[in-house]
Amino acid sequence: MTDFTTTTDAQGIATIVWDVPERSMNVLSLEGLAALAALIEGALGDPEVRGVVITSGKADFAGGMDLNVIARMKAEAGAEPARGLFEGIMRMHGVLRRIELAGMDPKTKKGGKPVVAALPGTALGIGYEIPLACHRIIAAANPKARIGLPEILVGIFPGAGGTTRLARRLGAMAAAPYLLEGRTLAPDKALAAGLIDEVVAPEALIARAKEWILGAKDADLVKPWDQRGWKMPGGAPYTPEGFMTFLGASAMVMGRTQGVYPAAKALLSAVYEGALVPFDTALRIEARRFTQVLMHPSSGAMIRSLFISKQALEKGARRPEGVPDQSVRRLGVLGAGMMGAGIAQVAAAAGIEVVLIDADAAAAERGKATVAAAFAKAQKRGAMAPERAEAALARILPTADYAALAGVDLIVEAVFEDPKVKAEVTARAEAAAGPEAIFASNTSTLPISDLARASARPAQFVGIHFFSPVDRMNLVEIIRGRDTGARAVAKALDFVRQLRKTPIVVEDARFFYANRCIIPYINEGLRMVGEGVVPALIENAARLAGMPVGPLQLVDETSIELGVRIARATRAAMGADYPDDAVDQVLMRLADLGRLGRKAGAGLYDYGAGGERTGLWPGLGQIWPAAAVQPDVAEVQARLLMIQALEAVRAHEAGVLTDIREGDVGAILGWGFAPWSGGPFSWLDMQGAAEAVATCEGLSARHGPRFAPPAALRAMAERGARFYPDAAA
Ligand code: NAD
């Protein structure tokens with residue numbers, strides 16, 4: 001069985017069908033590429049064949065490259081991985097360029113055979129780069145399909161000619177959202193944006209492709225960039241328009257990425273340098289830049305966490321074995337507040353019936369109204385069809401009557417963070433639902449094992465911790481309590497899969513995983529304010545380290561009130577061991593001044609009438625005057641990143657995290673830990689344990705024992721061990 005097969009019809013049109021055996025989505029492997037190359041050669045060399053359609057035997061065209069290919073090209077090149085990559089990439093360019101030139105005479109540009117890409121559905125990454133090399137791209141009108149080049153989102157860039165071809169097809173400026181942001185579009189929008197050439201009814205796809213081939217003339221096969229006198233749309237670099245574009249793009253990329261993502265910079269270089277030279281040279285430049293990115297440790301770490309590990313977790317890497325499918329059909333949500341309404345929203349959108357309960361009917365109705373407003377907004381953005389929104393909304397039944405819970409198979413509780421209230425609703429809901437129903441709490445701070453005491457069936461009690469806002473945050477922490485059974489964990493995982501979110505499974509300990517690590521980050525920022533580090537230095541250092549939001553902004557967003565509440569509860573739980581007096585002094589002072597964060601319109605930042613940040617509050621400098629000697633940016637960065645990474649290591653050491661992949665994926669999706677690093681464990685591996693221990697010792701001597709390296713890290717340093725033992729150094 002092979003990934004590509006071909007048949008030739010009576011009119012001499014060869015149809016190459018991509019259909020990777022035993023996979024629901026086509027992805028390109030090295031073997032697949034060789035098979036495609038052979039079929040293309042066969043078709044071009046066969047005098048009976050007058051044109052070629054490349055299509056798919058599946059509902060979609062292709063999801064992209066099998067990213068393991070990159071690892072293989074590197075490994076197979078032995079001592080010269082960069083050469084192996086470069087040559088592998090150039091071979092890929094060779095195949096696609098062969099399609100593009102289609103056997104035409106190099107001088108007259110005549111005699112080529114038309115090649116059409118016929119896309120029944122989604123075409124991403126290499127799945128769109130192959131069509132870009134064809135002479136016409138025709139897509140079926142399939143609203144579910146996505147077309148584009150999302151590579152940048154996993155730390156690489158389109159390296160099979162997609163960068164060079166799309167920049168030349170649209171111009172650098174117009175191509176920027178697709179190349180630099182990885183934006184993908186449904187076929188109708190892709191047509192309007194110029195990514196594809198035609199959209200037709202699904203049943204007419206192949207017929208239309210053949211019709212185009214039969215009518216194609218020599219001139220239709222010559223790409224604009226292969227024509228004499230071609231000029232880059234929107235201007236090449238040394239033109240007045242091009243100058244503006246490239247200067248603006250560089251500034252934009254640096255502004256957005258703070259220079260920490262090698263892929264964005266390399267992509268821009270490939271476009272800029274490529275625009276100055278003929279097409280084939282541009283492809284070589286793209287290949288060199290792509291090799292450079294693939295050799296960068298950040299890319300390897302991002303691919304591992306954001307692609308390989310994330311997908312493994314979504315596919316159930318942590319699902320208990322032997323438990324049959326637990327997909328949720330009917331869901332009960334207790335509490336129709338911010339989180340409850342959000343959970344009802346994503347579940348209903350995923351096709352699940354929802355009973356949404358609050359203390360009285362009016363409150364439940366308000367929850368449903370929140371969902372309706374969210375759907376209306378999505379419709380306005382064009383992100384949700386009106387019929388879909390209407391159907392989803394109709395799935396939500398708001399009520400105060402627990403009897404409506406009869407027949408639900410999962411209950412998610414999101415009432416006030418108060419053990420008494422939670423215990424009461426647990427008992428009532430369990431009595432109303434059947435004995436098989438699984439009960440989950442969305443608590444952010446209360447131990448699951450304690451809450452399970454209110455349950456008559458603790459083996460069916462589990463934590464499902466969503467993050468706010470529920471519709472945008474894709475991580476879900478599943479917490480196993482002392483008595484939580486395998487079916488409850490499986491149920492939670494199957495529910496998260498239905499919602500198309502990413503699960504991690506953690507043990508029951510204070511703040512679980514994500515909040516446990518984010519709190520020290522916030523605290524370190526506040527501590528520095530107290531020490532007289534200039535607040536702007538703290539915020540900028542965090543952003544320059546690749547954190548999406550500085551710690552002070554984050555305190556304001558989550559609210560200082562919540563910070564004070566958590567600090568009080570932690571202090572009560574830890575007693576004399578409580579280590580964060582210095583933090584609390586800053587926090588309590590702000591609270592006393594009524595500067596409670598963004599919602600209050602005043603916090604560490606000032607806010608305008610519309611709630612927008614207008615700058616750091618100048619009063620901070622009066623309460624905590626700037627120290628005469630300010631730390632280096634690097635020192636502030638080291639403190640802010642290391643304090644999070646150390647907490648992740650401690651969570652792993654303590655068994656709260658059992659799988660470092662979950663630690664890395666959870667850190668990036670849960671709280672935005674510097675995504676360029678691949679997560680805290682990848683970041684530590686990048687430095688090496690010995691170097692990390694030395695950094696910690698220095699930080700510990702200068703700033704206190706919270707930076708003392710954990711025993712596990714020391715042991716790794718002694719053995720020269722890594723968290724990911726198989727990864728290349
Ligand atoms: P919220 O105050 O917005 O909503 C709580 C809802 O519960 C309210 O609508 C309230 O009327 C309802 N409620 C209270 N007592 C009830 C009862 N006896 N029966 C039925 N309904 C009752 O709170 P929230 O922010 O949505 O948080 C809910 C839960 O989610 C908490 O456990 C919280 O720790 C957790 N959580 C919150 C966040 C967050 O960012 N806000 C994130 C993750 C988890």
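A residue counts as buried when its relative accessible area is under 20%, and as partly exposed between that value and 50%. The structure described here is a predicted model.

**Aromatic pairs**

The model holds 10 aromatic pairs. One of them joins Phe246 and Tyr272 in an edge-to-face arrangement. Phe246 belongs to helix α9 (residues 240-257) and Tyr272 to helix α10 (residues 262-274), 26 residues apart. Phe246 has 5% relative accessibility and is therefore buried, whereas Tyr272, at 29%, is partly exposed.

Tyr513 and Trp671 also make a pair, which is edge-to-face because their planes stand at 65 degrees. This pair links the loop between β19 and α19 to helix α26, across 158 residues. Tyr513 and Trp671 are both buried.

| Pair | Centre to centre | Angle between planes |
|---|---|---|
| Phe246 and Tyr272 | 5.3 Å | 80 degrees |
| Tyr513 and Trp671 | 5.6 Å | 65 degrees |

Elsewhere, Phe4, Trp18 and Phe61 make up one aromatic cluster. Two arginines sit over tyrosine faces: Arg428 is 4.0 Å from the ring centre of Tyr402, and Arg613 is 5.7 Å from that of Tyr605.

**Helix α26**

Since 11 of the 12 residues are buried, the helix is largely enclosed by the rest of the structure. Among the buried residues are Glu662, Asp664 and Trp671. The elements covering them include α12 (297-314), β18 (475-480) and α25 (633-653).

At the N-terminal end, Asp659 caps α26 through a side-chain oxygen 2.9 Å from the backbone nitrogen of Arg661. Just after the helix, Gly672 adopts a positive phi of about 75 degrees.

Technical notes: Residues are numbered from 1 along each chain as its sequence is written. This is a predicted model: local features need pLDDT of at least 70, side-chain atom pairs count only at pLDDT 80 or more; totals for chains, interfaces and linings use all residues. Side-chain values use heavy atoms; hydrogens and water are left out. Buried means under 20% relative accessible area, exposed over 50%, partly exposed in between (1.4 Å probe, protein chains only). Helices (H or I, at least four residues) and strands (E, at least two) are DSSP runs, numbered from the N terminus. Contact means heavy atoms within 4.5 Å. A polar contact is a pair of N or O atoms within 3.5 Å; within protein, one must be able to donate a hydrogen and the other to accept it, and residues adjacent in sequence count only if both atoms are side-chain atoms. Rings of Phe, Tyr and Trp (its six-membered ring) pair if their centres lie within 6.5 Å; planes under 30 degrees apart count as stacked, over 60 as edge-to-face and the rest as tilted. A charge sits over a ring if NZ of Lys or CZ of Arg is within 6 Å of the ring centre and within 35 degrees of the ring normal.
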